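Work through the exercises below with the coordinates open. Each task is followed by a stepwise solution.

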Amino acid sequence: MAALRFGSFLAPYHPARENPTLSLERDMQLIEHLDRLGYHEVWLGEHHSGGSEIISSPELMIAGVADRTRHIRFGTGVNSLCYHHPLILADRIAQLDHQTRGRIMFGAGPGQLPTDAYMLGIEPSEQRRMMVESLECLIDLFEGRSVSRTTDWFTLRDARLQLLPYQRPRMDMVVACAVTPSGPTTAGRLGLGMLSLAVSTPIGFSALGDHWGVYETAAQNAGRSVDRSSWRVVVSMHIAETREQALADLEWGIMDSIEYTRAIRGVKPGDDNPIAKIQTAREGVALLTGEGYSVFGVAMAGTPDDAVDYIRKLQAQAGGFGTLMFMANNFADTTATRKSYELFARYVMPRFDGSTDPLHASMEWCREKSAVTYGGFVDAMKATIASHAAP
């Protein structure tokens, strides 16, 4: 299996009290920072309500930041397929793939926020079915086939893309997966990658191994082969130089996250819900790093060594995956967040990509040869000094 890859899943989550223009600019600056640090990819979400996840078009955000970066790849994380006509969405993605010279990845999902679907008059029970109908057409369109299909929410008549994607036969495509087997089944049947979003939740962590089994079986039944390198997992993680500092960093924005979760879940004071009882930032961090809550799950807050141990546990539970991503939850302030990504790039990535292995091997080789090499160097130096000292 290839070396583990790393990235960020940027929904994003922003405090409703902050200037949204500056929040979006900070997101783009963070992506520039990740690019300089050598992260492989960043995924940007699509949401239309709630006042926190304020990117409504991942394509616009990617187009805005692409020329400010050099290497990092961009994923739509994810497009809510039942909100878009598949031909129009396919056109936009194909064009963006050209504008970024092939740095685009495509993520598909049914839509996370029920309030988004409510505003569009879409019943929650129909969203997954609609996603699959659209996704099947999108694959054909991206691969240059003509599509004719009539559903209760879109029609395609001899539809084809006039501009095929820059990447051939198409860009990487993934399906969002949470707890149910629906996502892995769809991804496996269609031969797409998995993007596991609930890994930090206890139930999501427990389901990791099962998800791979469902995914692999669905692929085999469809006559397809799948590889663990195409599996991406998203975790809540923040690191600092000490565990105490990591926990303290999270106090900066935890109450904004608590308030957002209360709003979208309809939690009121006095409800029998852990987040209803939180009154201080310290209590919020204790909940986040203990029992966990909502989509954020249980956050790992610690040192780079703690992060290494955490990732190894994930690998053991899942049986292996290709990419690990931070959930950009905005718990810590800008300085601490940047520092967390930097510490991870400096001290955690090399433990999984093998980049420092030759350095350690070279150092050990020098140690083994030192009796000959350094001893000979010292002897030669002594002889030179002696020859100059002679009358």
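Axes are lines fitted to C-alpha atoms, for helices over the stretch in contact, and angles run from 0 to 180 degrees between N-to-C directions. The model used here is predicted.

**Exercise 1.** Describe the crossing of helix α6 and helix α8.

Solution.
- Step 1: take the axes of α6 (residues 182–190) and α8 (residues 208–221); they come within 7 Å and cross at roughly 35 degrees.
- Step 2: assign the hand, which is right-handed.
- Step 3: list the contact. Helix α6 supplies Pro184, Thr185, Ala187, Gly188 and Arg189, and α8 supplies His211, Val214, Tyr215, Ala218 and Ala219.
- Step 4: sort these by class: six nonpolar, three polar and one charged.

**Exercise 2.** Classify the angle between α2 and α3.

Solution.
- Step 1: the axes of α2 (residues 58–66) and α3 (residues 86–99) come within 11 Å and cross at roughly 15 degrees.
- Step 2: angles under 35 degrees count as roughly parallel, so α2 is roughly parallel to α3.
- Step 3: the crossing is left-handed.
- Step 4: Glu59, Ile62 and Ala63 of α2 meet Leu89, Arg92, Ile93, Leu96 and Gln99 of α3.
- Step 5: by class, this contact has five nonpolar, one polar and two charged residues.

**Exercise 3.** Characterise the aromatic pair of phenylalanine 326 and phenylalanine 344.

Solution.
- Step 1: the count of aromatic pairs is 15.
- Step 2: in this pair the centres are 4.8 Å apart, with 80 degrees between the planes. Planes over 60 degrees apart count as edge-to-face, so the pair is edge-to-face.
- Step 3: phenylalanine 326 sits in strand β12 and phenylalanine 344 in helix α13, 18 residues apart.
- Step 4: buried means under 20% relative accessible area. Phenylalanine 326 is buried at 2%, and phenylalanine 344 is buried at 0%.
- Step 5: ring pairs link both into a cluster with Phe6, Tyr39, Tyr341 and Phe352.

Methods
Residues numbered from 1 in each chain as written. Predicted model: local features only at pLDDT ≥ 70, side-chain atom pairs only at ≥ 80, totals over all residues. Heavy atoms only, no water. Helix = DSSP H or I, 4+ residues; strand = E, 2+ residues; numbered from the N terminus. Parallel < 35°, antiparallel > 145°, perpendicular 65-115°, else oblique. Left-handed = near helix turned anticlockwise from the far one by under 90°. Contact = heavy atoms within 4.5 Å. Nonpolar A, V, L, I, M, F, W, Y, C, P; charged D, E, K, R; others polar. Phe/Tyr/Trp six-rings, centres within 6.5 Å; stacked < 30°, edge-to-face > 60°. Buried < 20%, exposed > 50% of the residue type's maximum accessible area, 1.4 Å probe, protein only.
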